Amino acid sequence: MIDTFNAADKRAVVAGDTADELGKIKAFIVDVGANRVEAVQVSGRGRKADIVPWERLRFGGDAVIADSGDAPEQVSDDRDLDAVKGRVTMRGSRVLATSGFELGTVEDVSFDSESGALVAVRTTDGEVDASHLCSLGSYALVVDAEE
């Protein structure tokens, strides 16, 4: 099933073993090189940023089920820390083509809710197939220039 970052925002994350709410989706951590969602940031668990790796999640239309209550992890690397602090995020990023032209700003991202594979990026100027993504940084999302 195809889902979007905007639609999944603030969806409850529930522990499958205890049925306790762990928090709500706050942000998506994306590995552009692998073209997939790597983890989600969960809000509501204190002052430290907690993330849940994709492999420990099952997405549904009403909630996201983590395999257990101990699924959330502390952020452990700089790339993930930049993502949860909002320094490197897809939504709101400027989109630049490898040809040097700006292609708008990212409005939303669609992904496969089973695999976490990115499908497309909707920008203010149209849609970019996720297979064209090159890199994501604090300045922009870079995509292959389409012929």
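Predicted model: local features only at pLDDT ≥ 70, side-chain atom pairs only at ≥ 80, totals over all residues.
Where does Asp 108 sit in the chain? Asp 108 belongs to strand 10, which covers residues 102-112.

Is Asp 108 buried or exposed? With a relative accessibility of 4%, Asp 108 counts as buried, because the cut-off for buried is under 20%. Setting aside its neighbours within four places in sequence, the residues in contact with Asp 108 are Thr 4, Phe 5, Asn 6, Arg 91, Ala 120, Val 121 and Arg 122. Keep Arg 91 and Phe 5 in mind as you read on, for both names come back below.

**Charged pairs**

Side chains of opposite charge can pair when their charged atoms come close. How many salt bridges are there in this model? The count comes to nine salt bridges. Here are three of them, with the distance from N to O.

| Salt bridge | N to O distance |
|---|---|
| Arg 91 and Asp 9 | 2.8 Å |
| Lys 24 and Glu 21 | 3.2 Å |
| Arg 36 and Glu 55 | 3.3 Å |

Let us take these pairs in turn. Arg 91 and Asp 9 meet in a salt bridge. Arg 91 lies in the loop between helix 2 (78-84) and strand 9 (94-97), while Asp 9 lies in the loop between helix 1 (5-8) and strand 2 (12-15), so this pair ties together parts that are 82 residues apart in sequence. Arg 91 is partly exposed, at 22% relative accessible area, and Asp 9 is partly exposed too, at 26%.

In the pair of Lys 24 and Glu 21, Lys 24 is partly exposed with a relative accessible area of 34%.

Arg 36 and Glu 55 form a salt bridge that links distant parts of the chain, 19 residues apart. Arg 36 is in strand 4 (residues 36-43), and Glu 55 is in the loop between strand 5 (50-53) and strand 6 (57-59). Arg 36 counts as partly exposed at 21% relative accessibility, whereas Glu 55 counts as exposed at 58%. Salt bridges can also share partners: Arg 56, Asp 67 and Asp 70 are joined into one network in this way.

**Aromatic rings**

A pair of aromatic rings is described by the distance of the centres and the angle of the planes. In this model the count comes to seven aromatic pairs. One of them is formed by Trp 54 and Phe 111, which are edge-to-face, with 6.0 Å from centre to centre and 90° between the planes. This pair links distant parts of the chain, 57 residues apart: Trp 54 is in the loop between strand 5 and strand 6, and Phe 111 is in strand 10. Trp 54 counts as buried at 4% relative accessibility, and Phe 111 counts as buried at 0%.

Which residues form an aromatic cluster with Trp 54 and Phe 111? The cluster also holds Phe 5, Phe 28 and Phe 59.

**A hairpin**

Finally, look at strand 13 (residues 133-136) and strand 14 (residues 140-143), which run antiparallel and are joined by three bridges. A hairpin of three residues connects strand 13 to strand 14. Across this pairing, Leu 136 stands opposite Leu 141 in strand 14.

Key. Residues numbered from 1 in each chain as written. Heavy atoms only, no water. Salt bridge = Lys/Arg side-chain N within 4 Å of Asp/Glu carboxyl O. Helix = DSSP H or I, 4+ residues; strand = E, 2+ residues; numbered from the N terminus. Buried < 20%, exposed > 50% of the residue type's maximum accessible area, 1.4 Å probe, protein only. Contact = heavy atoms within 4.5 Å. Pairing = 2+ DSSP bridges. Phe/Tyr/Trp six-rings, centres within 6.5 Å; stacked < 30°, edge-to-face > 60°.
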